[in-house]
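Please look over the sequence and the model shown here before reading the notes that follow. They are arranged by topic for a reader who is new to this structure.

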Amino acid sequence: EVSPRVAWAERMNTGAIKIPVANGRDRFLRFGFPGCPDILGQLTDGRLLAVEVKSPIGRVTDQQQKFLNLVADNKGVSLIARSVDDVMAVI
């Protein structure tokens, strides 16, 4: 169930894929950006929502933490979620 405070939220993917091309030189296509959170969204009051999802022992990278700090420093909502309860407590 989605909170009524969330206008929208989408799962973000970051990574790369190798694409074979005719001349035999593979091409790498990168998507997302370093530090991009797992979930990006917007609250109904207009604030950006950035959620980095981690396992109970998962670690946040420096780039992920920098992005979360950037969102928070600019009046958005950012968090590291290890459970749904973590998200619900913040939003």
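**The cores and their surroundings**

The largest nonpolar core has nine residues, namely Val6, Leu43, Leu49, Val51, Val77, Leu79, Ala81, Val87 and Ile91; a nonpolar core here is a set of buried Ala, Val, Leu, Ile, Met, Phe, Trp, Tyr and Cys residues joined through side-chain atoms within 4.5 Å. Strand E6 gives the most to this core, with three residues, and E5 and E6 each supply at least two. The model is a predicted one, in which local features need pLDDT of at least 70 and side-chain atom pairs count only at pLDDT 80 or more, while totals for chains, interfaces and linings use all residues. Residues are numbered from 1 along each chain as its sequence is written, and side-chain values use heavy atoms, with hydrogens and water left out.

**Strands E5 and E6**

- Strand E5 (residues 48–53) and E6 run parallel and are joined by five bridges, where strands (E, at least two residues) and helices (H or I, at least four) are DSSP runs numbered from the N terminus, and two strands pair if DSSP finds at least two bridges between them.
- The chain passes from E5 through H1 to E6 in a β-α-β crossover that is right-handed, meaning that, with the strands pointing away from the viewer, the path from the first strand over the helix to the second runs clockwise.

- Val77 in E6 has Leu49 opposite to it.
- Not counting residues up to four places away in sequence, Val77 touches Leu43, Arg47, Leu48, Leu49, Ala50, Val71 and Val90, a contact being heavy atoms within 4.5 Å.
- A second, separate core of six residues has Cys36, Ala50, Leu68 and Val71 among them.

**The aromatic pair**

- Phe33 and Phe67 form a tilted aromatic pair, 5.4 Å centre to centre with 55° between the planes; rings of Phe, Tyr and Trp (its six-membered ring) pair if their centres lie within 6.5 Å, and planes under 30 degrees apart count as stacked, over 60 as edge-to-face and the rest as tilted.
- Because Phe33 lies in the loop between strand E3 (27–31) and strand E4 (39–43) and Phe67 in helix H1 (residues 62–73), the pair ties together parts that are 34 residues apart in sequence.
- Phe33 is partly exposed, at 33% relative accessible area, while Phe67 is buried, at 17%.

Methods
Buried < 20%, exposed > 50% of the residue type's maximum accessible area, 1.4 Å probe, protein only.
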